[in-house]
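Could you walk me through this structure while I have it open in my viewer? I would like to know what to select at each stop and what I will find there.

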Amino acid sequence: MTVHVVALGYQPNWWPILKSGFMGNALIGGTIVALAAGLIGYFVVVRQSAFAAHALAHLGLPGATGAVLLGVPVVVGLGVFCVGGSLVIGLLGKRAADREVVTGTVLAMAIGLGLFFNSLATKSSSTMTNVLFGDLLAISDGQLVSFAILLVVLGLSVGIIYRPLLFSSVNAVVAEAKGVPVRVLSIAFMALLGLSVTMAVQAVGTLLLFALVVTPAATAIMLTPRPVLAMVISTTVSLGAVWLGLCASAMFNLPPSFPIVTIACAIWSIVWVSNRRRVAMWQKSISASPTVTSSTRQAAATSGN
Amino acid sequence: MSLSELPVTRTALAFTDVSAVRGGRLIWSDASFTVPAGGIVAVIGPNGSGKTTLLHMVLGLLPAASGQLEVFGRRPSQGRDSIGYVPQHYAEGAGEAIRGIDAVLLGLTGNRWAFGRSTAAQRKQAGKALAAVEATDIAERRLSTLSGGQQQRIAIAAALVAQPQLLILDEPLASLDLRSQHDIVALLARLHAELAVTMLVVAHDLNPLLPIFDSAIYLLDGRAHYAPIRDVVDGVLLTRLYGIPIQVAHTQEGEPFMRRAL
């Protein structure tokens with residue numbers, strides 16, 4: 001018996017694999033998830049809610065294992081826990097300082113519950129793996145329908161609240177003074193994030209969701225400060241990662257989540273490095289020009305100006 | 001001289017027995033005064049005396065606990081279109097993600113629902129606001145790459161773009177170097193003259209702004225008062241206000257300034 005240390009082999013029949021039925025579902029499902037992730041991801045980064053997105057993904061664990069325990073569809077458990085958790089974080093975490101603590105507490109409770117539910121259920125260990133790492137290749141027709149509905153809800157909602165949401169993300173008090181319902185928008189955003197996470201968890205799993213929701217959006221914002229263009233780039237990067245990842249998965253017989261995450265992170269790394277260079281060069285050019293510094297201000301103040 | 005040629009003095013803010021409560025605590029009370037339109041009004045008082053509370057009340061973010069406050073004859077929550085607000089820090093966390101021009105456009109369209117591109121007329125209006133604060137050349141840059149003074153200009157343009165009658169500035173000189181402080185004071189004076197906009201300015205350090213203030217709302221011992229600036233720049237009053245001995249001296253040009261008394 002031969003032992004494969006690295007079981008990474010090229011599969012010459014990858015094209016037929018890509019055209020098979022389960023791959024079709026994976027491609028359609030992955031496309032929908034990528035569009036949703038790229039769209040909501042932009043606001044996750046602008047609103048500095050990456051930790052909330054991370055925590056919500058982990059709410060999928062008790063959601064899915066709990067659903068198996070009760071014998072209800074996994075997507076229902078995911079939806080209840082992710083959207084419910086997002087509302088808890090949205091309602092309790094009014095101030096940024098509170099939000100970190102509330103989010104972390106919800107995260108810890110979720111993982112504890114997930115472990116508990118899993119210990120109660122007898123045959124949910126495969127559910128556990130699926131929730132942790134996702135299973136794009138096992139997406140059913142029913143899931144596709146729910147994905148499509150969620151994407152339409154998300155797209156319409158973001159379309160309606162886009163400008164007030166961006167305004168309140170840039171400066172909440174200024175927006176509120178202009179009559180924008182900042183609190184309502186904040187909770188609506190968290191609910192939309194909960195919906196997107198419910199979907200994305202099924203594709204890439206709780207542990208890897210960050211790479212599909214936050215990483216492409218962060219990449220896009222490094223590339224452009226134009227909000228709409230950033231959203232287009234963010235969804236394009238998500239889409240590219242999912243499509244290329246599925247191809248790689250068929251070519252090398254890999255679980256799709258791995259190449260998807262690898263591609264998203266690789267693009268981010270390249271943009272990050274080139275961005276750092278650009279910023280460093282820009283700072284050099286700035287420091288070359290003389291400016292009034294705080295030390296001159298101090299000197300002027302003490303001289304009784 | 002006919003009646004219509006007389007200068008019309010409108011009322012910007014009318015306080016009638018207003019008191020402010022925040023978190024169940026009485027912050028200040030007995031505010032009864034009217035602030036005429038057209039001036040640059042200081043809002044002064046020690047930390048925790050309720051300056052921000054007063055701003056939030058005028059902005060319609062906090063109701064008066066008792067009494068009545070009118071902004072240009074309307075309840076504050078109904079007069080939002082007539083007020084522009086410049087916070088202490090404009091881009092708290094999103095400075096990396098947007099440009100100056102985006103911030104200014106949001107000042108115009110940020111409270112409108114449904115996705116929509118800004119119209120040519122809106123972009124022209126944003127361009128005018130940016131030109132008014134001399135920020136045209138930095139409009140395309142990310143907010144995070146701008147200096148404190150440049151960010152302050154963008155924030156002022158974002159407030160001015162909707163053509164408010166009242167501009168509210170919260171510590172506009174905080175964490176700015178001396179030259180930027182001077183530039184912002186000169187800018188406010190020019191905008192005030194050109195746009196005939198009433199300004200309400202919260203400031204800790206009065207000295208750089210004294211030349212342009214003409215009156216002040218001051219919060220002393222839990223009460224809000226209003227007086228011309230020459231009455232406020234008084235050693236005895238300022239000593240009570242700040243809790244340390246303050247002396248009013250004059251520069252060689254005759255401009256008053258306050259300093260710690262020896």
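Here is a short tour, one selection at a time.

**Stop 1: the whole model**

Before selecting anything, keep in mind that this is a predicted model. Its overall scores are ipTM 0.91 and pTM 0.89. Chain A averages 85, with 89% of its residues scoring at least 70. For chain B the mean is 91, and 97% of the residues reach 70 or more.

Next, select residues 290-305 of chain A. Over this stretch pLDDT stays under 50, and the model has 12 contacts for it beyond four places in sequence. Please read this part with care.

**Stop 2: where the two chains meet**

Show both chains and look at the side of chain A that touches chain B. Here 31 residues of chain A are in contact with 30 residues of chain B. To see which parts of chain A take part, select helix 2 (21-46), helix 7 (141-170), helix 8 (172-177) and helix 13 (294-302), the elements that each give two or more residues to this side. Which of them gives the largest share? That is helix 7 of chain A, with 9 residues. Colour this side of chain A by class and you will find 18 nonpolar, 9 polar and 4 charged residues.

**Stop 3: helix 3 and helix 4 of chain A**

On helix 3 of chain A, the residues taking part include A:Leu59, A:Pro62, A:Gly63 and A:Ala67. On helix 4 of chain A, A:Val74, A:Phe81, A:Cys82 and A:Ile89 are among them. Taken by class, the residues of this contact are 14 nonpolar, 6 polar and no charged.

**Stop 4: helix 3 and helix 9 of chain A**

The crossing is right-handed.

Select A:Ala52, A:Ala53, A:Leu56, A:Ala57 and A:Gly60 in helix 3 of chain A, which meet A:Leu193, A:Gly194, A:Val197 and A:Val201 in helix 9 of chain A. This contact divides into 7 nonpolar, 2 polar and no charged residues.

**Stop 5: helix 11 of chain A**

Now select residues 227-252 of chain A, which form helix 11. How many residues does helix 11 have, and how far does it reach? It has 26 residues and reaches 37 Å from its first C-alpha to its last, close to the 38 Å expected at 1.5 Å a residue. Just after helix 11, click on A:Asn253, which takes a positive phi of about 55 degrees.

**Stop 6: a helix pair in chain B**

Finally, bring back chain B and select helix 4 (residues 148-160) and helix 5 (residues 178-195) of that chain. Their axes lie 9 Å apart, at an angle of about 20 degrees. These two helices of chain B are therefore roughly parallel to each other, and their crossing is right-handed. B:Gly148, B:Gly149 and B:Gln152 in helix 4 of chain B meet B:Ser180, B:Asp183 and B:Ile184 in helix 5 of chain B. By class, this contact has 1 nonpolar, 4 polar and 1 charged residues.

Key: Residues numbered from 1 in each chain as written. Chains lettered and ligands numbered in written order. Predicted model: local features only at pLDDT ≥ 70, side-chain atom pairs only at ≥ 80, totals over all residues. Helix = DSSP H or I, 4+ residues; strand = E, 2+ residues; numbered from the N terminus. Expected span 1.5 Å × (residues − 1). Left-handed = near helix turned anticlockwise from the far one by under 90°. Contact = placed C-beta atoms within 7 Å. Nonpolar A, V, L, I, M, F, W, Y, C, P; charged D, E, K, R; others polar. pLDDT = per-residue confidence, 0-100. Axes fitted to C-alpha atoms, helices over the stretch in contact; angles between N-to-C directions. Parallel < 35°, antiparallel > 145°, perpendicular 65-115°, else oblique.
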